[in-house]
Structure formats: C-alpha cells, structure tokens
Amino acid sequence: MTEPTYGELIDRAGMTMAHAMSKAIDTNGDVQVMALAHRLEPLRRAICRHAELALDPGHSPNNCRDVSTDALAAALRPSWLPGREENGGSNEPDSAWAQAGRYLGAAGDLLATHFGPHGRHLTDDAARLVDAEGRRELLRDAARFADTMAEYAIHVAGRVADEPHGEGVHSVVAAWFEHGGDIRSTAYAVLNDTDAAREPDLLGALGPAPLLRREPVADLEDAFPAYNRLRRLSHAQAVGDIRADANALRGFAVLGYTITGYANVVHAAAAAQATALGLDKGGCEHHRGDADRLKQANATWGQLHAALACVRDAGGGPVGWRDDVLGIQDQLGRLIRQDHRLRPPAELMPDLVTARSLINVIDRFTPGLPGIATGQRDCARRLYRRGQLHVPTCQLESADIPRPYTTIPGPRFDEMLAAYSAASDVTRDALEELARPDVRRDVRSTDARLAIAQPRTRPHALAAETSAVAR
Amino acid sequence: MIDISDLTGAAAALEPTAGPAIARAAVDVACTATGLLLGQSHDVPLLGCSAAVVSLDAAYAELRLLDDTDGERPPLIREVPDDAVAVITAVLGLISATADAVRRVIGDAQDGETALGCARAVVQLEMAARFLRDDLP
C-alpha cells in the first residue's frame, strides 16, 4: 500500500468538501439547521488547526509570527456553535463535512511527523516546512478551505435569516455572518498576497516521515513459543489427544485473564495518553472503547476462573503448561511497569509511541483466546461426562455426602459452560472491533508516527485514524 | 462467603505442628480465595493475582504428591469480600504461615523426596507472594 502525500490528502479534502457543498441544503426546520451547524463545526476546527500549523510548523522557540497567519487563525478559532453545545453536540462523523475535516487533519498530521517532540527536524524535508515559502503554502491551503467554508456558511445563513426559525437558530446563523465575514476577509488577504502568485508546490509530494526505528520494547522470544505450545496443548486436549484436567482448565482461564488484562492496561494507557495530549475526541474515544471492550473480556475470563476455582480432579494431566503460563505472565509483566496499580494510566507509559508499541505486541497474543476458550469448554464437557470434575462436598448445600469430594452438580457445571461461552463470545467481539486488518495497519502506522510529533500539533494526531475507521 | 478472619484463622491453624496435608488445605484456601478475586469487578485487572494462582496451583500439586490422604478439608469458599486489598493481605499472611509450616516439614523430613517436594512448594509459595504484592497499592 502506498502512503499518501500531503497533496493527495489536501485534494481529497477539497473534493469531499465540494461533494458536501453540492448536496441540497435542508433548512426546513430548526433541527435541520442545527444539524448542519454541527456538521460544519469539525471542518472549522480542522481548518483552524491547519492555519495554526502554518503559524509554527516546527514548534520553533524562535518562531517569527506572521500577521496574516495570526489573523486567519484568530478568525477561525471562535466556535460556530453556542457555548453549551460546543462539546456536547454530535459531530456526525459520517458526514462529508466531517470527512473533509479529517482529510485536512490527516494532511497536517503527515507534516507533523517530520518533527520531533521539541521541534527537532527528523527529516531533511522538515526544513521545507519551516521555510517561509513552505509555511506560506500551508497558509494558502488553510485560507482556501476557510474561504470556501465561510462562503457556504454565509450563503446558508442568508437563507435561514429569511425563514421562520427559533431564536436559538437565528443566533447561531448570526454568528455565521459575523465570523464568516471575518474569515473571508482574512483569507482574502492571504490569497491575494503578491507572493502567492508564484504558487510554488513545495509540499504536495511530501509523504509521511519514515517510521523511526526504536529499541524493541521487550524481548518476547520466549513468550511466543510458550504461547504457541499452550495453544497446541489446548487443541490437543480439545480433540482428546492429550488428557485434560481441572488444573489445566484453570491455567488456561488464567492465561486468558492475564492476556486480556495486560491488553486492557495498555489500551487504557494509550487512551489516557491520547486524552492527555489533547488528541481528537474521536480518536480518544476509539482508544477508550478498545480498553473498555478488553476490560469486559477480561472480566469474563476472571468470572470463568472464579467458576473453576473450587473444581478439583484426580490430577494426572500434563504439568508443563504451568511454566509456559508463568513465563508469559512474567514477560508480559516486564512489558509494563510492575507497579501499574500505583500509577494512573497516563503515567504508565512514557509516551503514546510506547503504548502503541506495547499494544502491537500484546495484540499478537489475543487472537488465539476465543479458540482456547471453546477448546477448553470441550475439555470441560469431556471431563464432566467422565465424572472427573469434583468439588469439595463441604461446599454443597446438602453436604451430607460422606466423601470429601463429589462430582460437580449439573447446575454448577452449566454455570461453568456459560462462563466459557461468555469468555469466548465477549473476547471475540472485542477482537473483531480491535482487529479490522484493513484499517489497523493504517492506524498503527499513523499513530506511531504522529505520537513523535510535537505536542502542539498533536491535536491532529488521530485524524487519519478516525478517517480510516470511518472508511 | 468466606470472612477475612477465616483466612487469618487458617493461617493460625498452621501453627505449630502442621504437616503436608494441613499445608495443602491452606494452599487450597489461598488459591481458591485468590482465584475468586479474579471473578470480581475491579478498576484494573488483578494481574499479580492471576500469576499467583498459577504458582499456588503448582504448590498445591507439589504438596499433593507428598500425602495421599484426604487431609484437612478446605473451608467453604464460594465468595470472597469485595475488598481486594484486605483479601490479598490476608492471603499473603496465609501463604507466609504455610511456607513456614512447609519449611518445618522439610526440617523433619525422613527422605529426600519429601524434602525436595516441600522445597519446590516453598519456592512456588514465595513466587505467589511476590506476585500478590504487585497488586497491593
């Protein structure tokens, strides 16, 4: 898959915006007008970010600010929505307006990959961005989008002003008149700058910075073979080639709990990092949703283990699995700080790059878990049919059985089977959301690159991701 | 539901003449209580507990090899209190007392096999304690 260039993303943003503008405008009711306002808002924010990027693309401490750039960014900053709705209104992520905003945000993200966290130039191309011509090109792009959007908004506002609408709607479109006028005049100043006539194309062919090589986050060369051995063992037990026992059932439940637990921790850390860095709302929610789904999966494995906690059998099954499970637990534990309970998730990882790297590592363990759950459920059924699953008689309500252990009662076994099904189903559902191979490649690649960009440009960081997800 | 005092009581019962069967029952209690914690809802996964149950299971298996008698019956545990810190602390006390008891068995052991099995059990108990401490604030 070829990586997009800055010019391609800008073109896509422009085409998507043109497509949005070509649609019929529905202003028949207050709801329709407010929905349109909400659709335009993400694009306004994206254009504003682009103008701010032109202000100081390299986050330079000695940045020489440009008056026209300042003016355009300032004109774009005020929200077009009433204050109380600014953060609560729907962004309608599927609308063409929002999509245009994402393309524009992704274009800014792409440029940001060429700088380090403190403005250090990571590539030779970074010099083109901080160069006056490069910044002017950025500014002209922002001005073109701003002018078009403001023209559209003023057109809609003029139409709505003549229609019978509520007071709230009229106050919103009044703001469009005011802000739209400011935006158009500042954009006009930029676009009619005499230097702009030369229109050099410095940035169009610029791609994202190559991924920087970092030290591997952990040596997992023992963990993956151990995991593969466990998966083979689970399969062999499921088909009856190797004897299963209650201890191994618990061991596999612990394995599922451990892997989903660590996956939940690193996804939660990534979500916290994304929030702390002020990344796009959609991007933060994406990370947080992943963490929540994994937490649910983790809870089902914990409940499965609890259902198995009192179950005993005569033993005699393979015992080597314990070393493998402990080895995996140990190595995954080293991936993140052992004192993870002592620190909030945002501090758990030094940065989003590390969090994403850990996610990439731990995500390699998760796909096998639903299969393990169903395989172990088959093992449990076989053991139950053979009368090989026991519980202490003192734990039963009618504990007048003379023996210390007795076969597990049917209702308790049904609870166990339900716990297996829940672990399998919930984990599979979580993984389906997490996997999406068609988009995750882009997500990981973009995410890792963006996280190395300077904090000020990070608000763009997950635009490409959410764009990819939306596609 | 088991009470915290049941866990501390189980630890006290290990003094001073406990043999492998009683130690095994104590490990059974510790393992079950820790395992049941995993089934509860917590803010963060109890990853230390998940590692500990494997070690406790291994310690139980080592001790079972030493004594084929039924030994002590484990108390009724189908639930543990919601206070994970209190349960883990109590389990840590129980594990510590169990390890001491098993060490005494090593001192009294008449054969190398028993001593070796007990030593392996102690190692697993120590590992379990280390893992459990990871989950304590």
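Guide: Start in helix H10 (residues 281–308) of chain A, where Asp290(A) and Arg293(A) are about one helical turn from each other because they are three residues apart. Helices here are DSSP runs of H or I with at least four residues, strands are runs of E with at least two, and both are numbered from the N terminus. The two residues form a salt bridge, with 3.0 Å between the closest N and O atoms. The term requires a side-chain nitrogen of Lys or Arg within 4 Å of a carboxyl oxygen of Asp or Glu.

Before going further, some ground rules. This is a predicted model, in which local features need pLDDT of at least 70 and side-chain atom pairs count only at pLDDT 80 or more, while totals for chains, interfaces and linings use all residues. Residues are numbered from 1 along each chain as its sequence is written, chains are lettered from A and ligands numbered from 1 in the order in which they are written, and side-chain values use heavy atoms, leaving out hydrogens and water.

The cut-offs are under 20% relative accessible area for buried, over 50% for exposed, and partly exposed in between (1.4 Å probe, protein chains only).

Asp141(A) and Arg144(A) make a salt bridge whose closest N and O atoms are 3.0 Å apart. Both belong to helix H6 (residues 132–161) of chain A, three residues apart, so about one helical turn separates them. An α-helix has 3.6 residues a turn, so residues three or four places apart point the same way. Asp141(A) counts as buried at 9% relative accessibility, and Arg144(A) as partly exposed at 34%.

Chain B supplies another kind of pair. Arg103(B) and Glu126(B) form a salt bridge with the closest N and O atoms 2.4 Å apart. This one links distant parts of the chain: Arg103(B) is in helix H4 and Glu126(B) in helix H5 (residues 112–134) of chain B, 23 residues apart. Both ends are partly exposed, Arg103(B) at 37% relative accessibility and Glu126(B) at 36%. Asp100(B) joins Arg103(B) and Glu126(B) in a network of salt bridges.

pLDDT is the predictor's confidence in each residue, from 0 to 100. Chain B as a whole averages 81, with 87% of the residues scoring at least 70. For the complex, the predictor gives an ipTM of 0.83 and a pTM of 0.59.

To set the pairs in context, the whole structure holds eleven salt bridges over all chains.
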